[in-house]
Amino acid sequence: MAEQRAEPLRLGSIAPNFDAETTNGPINFHEFIGDNWVVLFSHPEDYTPVCTTELGAFAKLEPEFTKRGVKLIGLSANTIDSHAGWIKDIDEISGSKLSFPIIGDKDRKVAYLYDMLDYQDTTNVDSKGIAFTIRSVFIIDPKKTIRLILSYPASTGRNTAEVLRVVDSLQTGDKHRVTTPINWVPGDDVIVHPSVKNEEAKTLFPDFKIVKPYLRFTPLPKEKTSAA
(Lines give C-alpha, C1' and ligand atoms only; values in the text may rest on other atoms or scores of the structure.)
Protein backbone atom coordinates (compact mmCIF):
# COMPACT_ATOMS: atom_id res chain seq x y z
CA MET A 1 0.00 0.00 0.00
CA ALA A 2 2.80 2.43 0.85
CA GLU A 3 4.07 2.59 -2.72
CA GLN A 4 0.65 3.83 -3.89
CA ARG A 5 0.83 6.91 -1.71
CA ALA A 6 1.03 10.36 -3.24
CA GLU A 7 3.74 12.83 -2.22
CA PRO A 8 3.15 14.01 1.36
CA LEU A 9 1.12 17.18 1.69
CA ARG A 10 2.54 20.01 3.74
CA LEU A 11 1.34 23.35 5.04
CA GLY A 12 1.39 25.67 2.05
CA SER A 13 0.69 22.89 -0.47
CA ILE A 14 -2.15 23.41 -2.90
CA ALA A 15 -4.97 21.06 -1.95
CA PRO A 16 -5.15 18.33 -4.61
CA ASN A 17 -8.26 18.47 -6.74
CA PHE A 18 -10.55 15.49 -7.24
CA ASP A 19 -14.01 14.50 -8.41
CA ALA A 20 -16.14 12.50 -6.00
CA GLU A 21 -19.63 11.35 -5.15
CA THR A 22 -21.05 12.81 -1.95
CA THR A 23 -24.27 12.62 0.02
CA ASN A 24 -25.20 15.96 -1.59
CA GLY A 25 -24.35 14.89 -5.15
CA PRO A 26 -21.17 14.81 -7.25
CA ILE A 27 -18.52 17.47 -6.69
CA ASN A 28 -15.30 18.78 -8.12
CA PHE A 29 -13.37 19.69 -5.00
CA HIS A 30 -11.83 22.95 -6.21
CA GLU A 31 -15.21 24.08 -7.54
CA PHE A 32 -16.73 23.14 -4.18
CA ILE A 33 -14.17 25.33 -2.40
CA GLY A 34 -14.86 28.30 -4.68
CA ASP A 35 -14.07 31.50 -2.73
CA ASN A 36 -14.60 29.88 0.66
CA TRP A 37 -12.55 28.33 3.40
CA VAL A 38 -13.06 24.58 3.77
CA VAL A 39 -12.60 22.05 6.56
CA LEU A 40 -12.11 18.56 5.10
CA PHE A 41 -12.12 15.76 7.68
CA SER A 42 -11.98 11.99 7.30
CA HIS A 43 -13.40 8.99 9.15
CA PRO A 44 -12.34 5.34 9.19
CA GLU A 45 -15.77 3.86 8.49
CA ASP A 46 -19.53 4.40 8.79
CA TYR A 47 -21.43 3.26 11.86
CA THR A 48 -18.43 3.56 14.13
CA PRO A 49 -18.89 5.03 17.63
CA VAL A 50 -16.29 7.79 17.74
CA CYS A 51 -17.10 9.02 14.23
CA THR A 52 -20.79 9.17 15.06
CA THR A 53 -20.16 11.54 17.96
CA GLU A 54 -17.80 13.68 15.85
CA LEU A 55 -20.15 14.18 12.93
CA GLY A 56 -22.98 15.11 15.27
CA ALA A 57 -20.74 17.72 16.91
CA PHE A 58 -19.61 19.16 13.57
CA ALA A 59 -23.25 19.34 12.42
CA LYS A 60 -24.25 21.27 15.54
CA LEU A 61 -21.35 23.69 15.12
CA GLU A 62 -21.82 24.16 11.37
CA PRO A 63 -23.64 27.53 11.75
CA GLU A 64 -20.52 28.95 13.43
CA PHE A 65 -18.33 27.76 10.56
CA THR A 66 -20.81 29.15 8.02
CA LYS A 67 -20.70 32.60 9.69
CA ARG A 68 -16.96 32.59 9.04
CA GLY A 69 -17.32 31.65 5.38
CA VAL A 70 -16.22 28.05 6.00
CA LYS A 71 -17.68 24.97 4.31
CA LEU A 72 -17.55 21.58 6.01
CA ILE A 73 -17.07 18.34 4.08
CA GLY A 74 -16.55 14.90 5.56
CA LEU A 75 -15.17 11.69 4.12
CA SER A 76 -15.69 8.07 5.10
CA ALA A 77 -14.49 4.86 3.46
CA ASN A 78 -17.96 3.61 2.51
CA THR A 79 -20.58 4.27 -0.17
CA ILE A 80 -22.90 7.26 -0.12
CA ASP A 81 -25.84 4.86 0.33
CA SER A 82 -24.22 3.67 3.53
CA HIS A 83 -23.60 7.28 4.56
CA ALA A 84 -27.30 8.12 4.12
CA GLY A 85 -28.39 5.51 6.65
CA TRP A 86 -25.62 6.51 9.03
CA ILE A 87 -26.66 10.18 8.92
CA LYS A 88 -30.10 9.18 10.23
CA ASP A 89 -28.43 7.58 13.24
CA ILE A 90 -26.17 10.60 13.78
CA ASP A 91 -29.12 13.01 13.79
CA GLU A 92 -31.12 10.76 16.10
CA ILE A 93 -28.27 10.33 18.60
CA SER A 94 -26.95 13.90 18.64
CA GLY A 95 -30.10 15.87 17.94
CA SER A 96 -28.36 17.45 14.96
CA LYS A 97 -29.51 17.96 11.39
CA LEU A 98 -26.46 17.07 9.35
CA SER A 99 -26.53 18.86 6.01
CA PHE A 100 -22.92 19.17 4.83
CA PRO A 101 -21.70 16.61 2.25
CA ILE A 102 -19.88 13.40 3.12
CA ILE A 103 -17.65 11.93 0.41
CA GLY A 104 -18.09 8.27 -0.49
CA ASP A 105 -14.51 6.97 -0.65
CA LYS A 106 -14.93 3.21 -0.56
CA ASP A 107 -11.91 2.68 -2.83
CA ARG A 108 -9.79 5.12 -0.73
CA LYS A 109 -9.03 7.26 -3.79
CA VAL A 110 -9.20 10.55 -1.87
CA ALA A 111 -7.71 8.98 1.25
CA TYR A 112 -4.56 8.03 -0.69
CA LEU A 113 -4.45 11.40 -2.45
CA TYR A 114 -4.45 13.21 0.93
CA ASP A 115 -2.42 10.53 2.76
CA MET A 116 -5.23 9.95 5.28
CA LEU A 117 -3.87 6.52 6.17
CA ASP A 118 -2.06 4.96 9.09
CA TYR A 119 1.29 3.64 7.87
CA GLN A 120 2.06 1.58 10.97
CA ASP A 121 -1.24 0.12 12.13
CA THR A 122 -1.72 -2.97 9.97
CA THR A 123 -4.76 -3.93 12.08
CA ASN A 124 -6.66 -0.86 10.86
CA VAL A 125 -7.85 -2.58 7.67
CA ASP A 126 -11.14 -3.82 6.26
CA SER A 127 -12.03 -7.42 5.38
CA LYS A 128 -10.11 -7.12 2.10
CA GLY A 129 -6.98 -5.85 3.81
CA ILE A 130 -7.42 -2.26 2.55
CA ALA A 131 -6.29 0.34 5.07
CA PHE A 132 -8.97 2.41 6.75
CA THR A 133 -8.63 6.18 6.84
CA ILE A 134 -7.44 7.80 10.05
CA ARG A 135 -9.03 10.94 11.50
CA SER A 136 -7.41 13.67 9.44
CA VAL A 137 -8.36 17.35 9.35
CA PHE A 138 -7.38 19.84 6.65
CA ILE A 139 -8.18 23.55 6.77
CA ILE A 140 -7.97 24.99 3.26
CA ASP A 141 -8.21 28.69 2.38
CA PRO A 142 -9.91 30.31 -0.66
CA LYS A 143 -6.62 30.15 -2.59
CA LYS A 144 -6.81 26.33 -2.24
CA THR A 145 -3.78 26.44 0.09
CA ILE A 146 -3.58 23.95 2.96
CA ARG A 147 -3.25 25.97 6.16
CA LEU A 148 -3.60 23.24 8.81
CA ILE A 149 -3.14 19.46 8.93
CA LEU A 150 -4.13 17.37 11.95
CA SER A 151 -4.06 13.59 12.25
CA TYR A 152 -5.75 11.71 15.07
CA PRO A 153 -5.55 7.99 15.82
CA ALA A 154 -8.71 6.02 15.11
CA SER A 155 -9.35 5.69 18.85
CA THR A 156 -9.41 9.43 19.61
CA GLY A 157 -12.21 11.85 18.79
CA ARG A 158 -11.42 15.35 17.60
CA ASN A 159 -12.16 18.66 19.31
CA THR A 160 -14.47 20.67 17.06
CA ALA A 161 -13.98 23.82 19.14
CA GLU A 162 -10.23 23.62 18.47
CA VAL A 163 -10.82 23.38 14.71
CA LEU A 164 -13.02 26.49 14.92
CA ARG A 165 -10.41 28.26 17.07
CA VAL A 166 -7.73 27.62 14.43
CA VAL A 167 -10.04 29.02 11.73
CA ASP A 168 -10.46 32.17 13.84
CA SER A 169 -6.69 32.41 14.34
CA LEU A 170 -5.90 32.02 10.63
CA GLN A 171 -8.58 34.40 9.40
CA THR A 172 -7.81 37.01 12.05
CA GLY A 173 -4.09 36.75 11.39
CA ASP A 174 -4.55 37.17 7.66
CA LYS A 175 -6.69 40.26 8.14
CA HIS A 176 -4.77 42.06 10.89
CA ARG A 177 -1.14 40.94 10.40
CA VAL A 178 -0.96 39.27 13.77
CA THR A 179 -0.22 35.82 15.17
CA THR A 180 -1.90 34.18 18.14
CA PRO A 181 -0.22 32.88 21.32
CA ILE A 182 -0.74 29.67 23.23
CA ASN A 183 -4.37 28.92 24.13
CA TRP A 184 -5.59 32.08 22.39
CA VAL A 185 -9.30 32.58 21.99
CA PRO A 186 -10.98 35.53 20.26
CA GLY A 187 -10.79 38.58 22.50
CA ASP A 188 -7.40 37.72 23.98
CA ASP A 189 -4.29 39.76 23.20
CA VAL A 190 -2.48 38.82 20.00
CA ILE A 191 1.14 39.04 18.85
CA VAL A 192 2.26 41.63 16.31
CA HIS A 193 3.58 39.79 13.27
CA PRO A 194 7.40 39.87 12.97
CA SER A 195 7.11 41.46 9.50
CA VAL A 196 5.53 44.59 11.05
CA LYS A 197 8.25 46.99 12.20
CA ASN A 198 7.77 49.07 15.34
CA GLU A 199 7.13 52.33 13.48
CA GLU A 200 4.34 50.75 11.47
CA ALA A 201 3.05 48.94 14.57
CA LYS A 202 2.54 52.31 16.30
CA THR A 203 0.02 53.16 13.59
CA LEU A 204 -1.61 49.75 13.27
CA PHE A 205 -1.64 48.89 16.96
CA PRO A 206 -1.43 52.07 19.10
CA ASP A 207 -1.59 50.06 22.34
CA PHE A 208 1.01 47.44 21.51
CA LYS A 209 3.55 46.48 24.18
CA ILE A 210 7.12 45.34 23.65
CA VAL A 211 7.93 42.45 25.98
CA LYS A 212 11.06 41.49 24.07
CA PRO A 213 12.26 42.81 20.70
CA TYR A 214 10.84 39.63 19.15
CA LEU A 215 7.65 39.51 21.26
CA ARG A 216 5.10 42.32 21.00
CA PHE A 217 1.54 42.00 22.27
CA THR A 218 -1.46 44.10 21.32
CA PRO A 219 -5.11 44.03 22.33
CA LEU A 220 -7.56 42.87 19.64
CA PRO A 221 -11.20 42.95 20.72
CA LYS A 222 -13.33 39.96 19.79
CA GLU A 223 -15.42 42.26 17.59
CA LYS A 224 -12.41 42.64 15.27
CA THR A 225 -11.82 38.90 14.91
CA SER A 226 -13.55 36.47 12.57
CA ALA A 227 -15.53 35.19 15.59
CA ALA A 228 -17.62 38.36 15.36
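Mentor: A salt bridge is a side-chain nitrogen of Lys or Arg within 4 Å of a carboxyl oxygen of Asp or Glu. This is a predicted model, in which local features need pLDDT of at least 70 and side-chain atom pairs count only at pLDDT 80 or more, while totals for chains, interfaces and linings use all residues. Residues are numbered from 1 along each chain as its sequence is written, and side-chain values use heavy atoms, with hydrogens and water left out.

Trainee: How many salt bridges are there by this rule?

Mentor: The rule pairs a side-chain nitrogen of Lys or Arg with a carboxyl oxygen of Asp or Glu within 4 Å. Applied here, the count comes to 10.

Trainee: How many residues apart in sequence are the parts that Asp168 and Arg68 tie together?

Mentor: The side chains of Asp168 and Arg68 meet in a salt bridge, with 2.6 Å from N to O. Asp168 lies in helix α5 (residues 160-176) and Arg68 in the loop between α2 and β4 (70-76), so the parts tied together are separated in sequence by 100 residues. Helices (H or I, at least four residues) and strands (E, at least two) are DSSP runs, numbered from the N terminus.

Trainee: In which strand does Arg147, the partner of Asp174, lie?

Mentor: Asp174 forms a salt bridge with Arg147, and their closest N and O atoms are 3.0 Å apart. Asp174 is partly exposed at 46% relative accessible area, and Arg147 is partly exposed at 24%. The pair ties together parts 27 residues apart in sequence, because Asp174 lies in helix α5 and Arg147 in strand β7 (residues 146-152).

Trainee: Which helix holds both Arg165 and Glu162?

Mentor: Arg165 and Glu162 form a salt bridge whose closest N and O atoms are 2.7 Å apart. Arg165 is partly exposed at 21%, as is Glu162 at 27%. They lie 3 residues apart, about one turn of the helix, and both belong to α5.

Trainee: How are α2 and α3 oriented relative to each other?

Mentor: Two packed helices are described by the angle between their axes and the distance between the axes. Axes are lines fitted to C-alpha atoms, for helices over the stretch in contact, and angles run from 0 to 180 degrees between N-to-C directions. Helix α2 (residues 49-67) and helix α3 (residues 80-94) pack at about 70°, with axes 9 Å apart. Since angles under 35 degrees count as roughly parallel, over 145 as roughly antiparallel, 65 to 115 as roughly perpendicular and the rest as oblique, α2 and α3 are therefore roughly perpendicular.

Trainee: Which residue does UniProt list for "active site"?

Mentor: The residue is found in helix α2, and it is buried, with a relative accessible area of 0%. Contact means heavy atoms within 4.5 Å; leaving aside neighbours within four places in sequence, this residue is in contact with His43, Pro44, Glu45, Trp86 and Arg135. UniProt positions are given in the numbering used here, feature names are shortened, and annotations may be inferred rather than shown by experiment. The unreviewed UniProt entry lists Cys51.

Conventions: Buried < 20%, exposed > 50% of the residue type's maximum accessible area, 1.4 Å probe, protein only.
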